[in-house]
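Here is a short briefing on one protein model. Keep the sequence and the 3D view open as you read.

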Amino acid sequence: MSLTLRLSPFPSPPQNHLKFTFKPHPPKPRIYSPSKFRFLPIVKAANDNSEHLPASPTKPRWENVLSTAASLYPLYVTVGGIVACLKPSTYAWFVKRGPTSYSLSLGMIMLAMGLTLELKDFLNLFIQRPLSILFGCVAQYTIMPTFGYVISKALGLSPSLSVGLILLACCPGGAASNVVTYIARGDVPLSTVMTVCTTLGAVILTPLLTMILAGTYVPVDAIGLSISTLQVVVAPILLGSYIQSSLPFVVKIITPFAPLFAVLASSLLACSVFSGNVVCFKSSMVNASLASDASLIDRLLSLLSGELGVVILSVLLLHFAGFFVGYISAAICRFREPERRAISIEVYAS
């Protein structure tokens, strides 16, 4: 409380009186530390709809299991690669039906990806973020070809191997990059559009860059490549997006299984191609064993220390450089994290 001195005048006799009044101060609000109540539950009134956002619905347990299974793409490829090394004939049924089996599998992968996307995602990408598409395509045809040329010169590859490495670096990314982008929680629409644009651009850019960097002209069937791109990439994605908007109830049932199907199909494609290379590798080892009486480990080390080891090292360096530099360049240009992942994956997946 406070003490106040007030002078009160009177008409007669004039004199001053001292008057004391006591005015109590309003009580100060007590501030409680939040730490004292951090263990208390937050109670929200039924009619309170101010700042609290509604909680997102929890996914069923079986959907979480499917999502976890779809994220194990490296495990599937590793196990499939081991099977291909031990018994390459496991994938013979798939290889013998190529290239139809490969095209059909790629189309089904892109259809599964299309079921998870909407047409408005692609329209918004072209309208709002055209620079993302342009940057990704430019990065694809500058980063990888440059490193392909530098690595071939640094490792002293033979002319035939140099042409092969540079040609690999000048090729666009495939459908597997879209699956990997989905698993990595990247920008799937951007990855898909980059796949289409870089594949169509390969009609001109792949022969041109190979001619400039390797001095060898590699002809590309422009009409065949364009038709294949429309059949394998564009049409399945558009069909999947159309089904999503037309039959939402059916898509709601299929969508949880689509990513896992795409991952398994992509793993089958990779392992079947690898099985064919294993057959060639084993034939090389047989030829080496006929010419030498060394043990199996010595023959394997001799192969890896020779031209084969240089090829493996050059391919690993090329893809690592493409992934790392693609991500760093996208980060320097201040793209969002999902865009960085999509661009880096698309660049190194050539």
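Helices here are DSSP runs of at least four residues, numbered from the N terminus. By that count, H1 gives the most to the lining of the second largest pocket, with five residues. The model is predicted.

**The largest pocket**
- The largest pocket holds about 1300 Å³ of space.
- Its lining is made of 32 residues. Gly174, Ala176, Ala270, Val273 and Ala349 lie nearest the centre of this pocket.
- Several helices supply at least two lining residues each: H2 (73-86), H4 (100-115), H8 (175-183), H9 (188-214), H10 (222-246) and H12 (258-290).
- H12 provides the largest share of this lining, seven residues.

- The lining of the second largest pocket divides into seven nonpolar, six polar and three charged residues.

**Where H5 meets H9**
- Two packed helices are described by the angle between their axes and the distance between the axes.
- The axes of H5 (residues 119-128) and H9 come within 10 Å and cross at roughly 75°.
- Angles of 65 to 115 degrees count as roughly perpendicular, so H5 is roughly perpendicular to H9.
- H5 makes the contact with Asp121, Phe122, Leu125 and Phe126. H9 makes it with Pro189, Leu190, Thr192 and Val193.
- By class, the contact of H5 with H9 has six nonpolar residues, one polar and one charged.

**Val218, a loop residue**
- Val218 sits in the loop between H9 and H10.
- Is Val218 buried or exposed? The relative accessible area of Val218 is 19%. Buried means under 20%, so Val218 counts as buried.
- Which residues does Val218 touch, not counting those up to four places away in sequence? They are Leu167, Pro207 and Thr210.
- Val218 and Val163 are 55 residues apart along the chain. Their C-alpha atoms are separated by 9.6 Å.

Key: Residues numbered from 1 in each chain as written. Predicted model: local features only at pLDDT ≥ 70, side-chain atom pairs only at ≥ 80, totals over all residues. Heavy atoms only, no water. 1 Å grid on protein atoms, 1.4 Å probe; cavity = no way out; pocket = protein on both sides within 12 Å on 5 of 7 lines; lining within 4 Å. Points joined across faces, edges and corners; volume = space filled by probe spheres on them. Nonpolar A, V, L, I, M, F, W, Y, C, P; charged D, E, K, R; others polar. Axes fitted to C-alpha atoms, helices over the stretch in contact; angles between N-to-C directions. Parallel < 35°, antiparallel > 145°, perpendicular 65-115°, else oblique. Contact = heavy atoms within 4.5 Å. Buried < 20%, exposed > 50% of the residue type's maximum accessible area, 1.4 Å probe, protein only.
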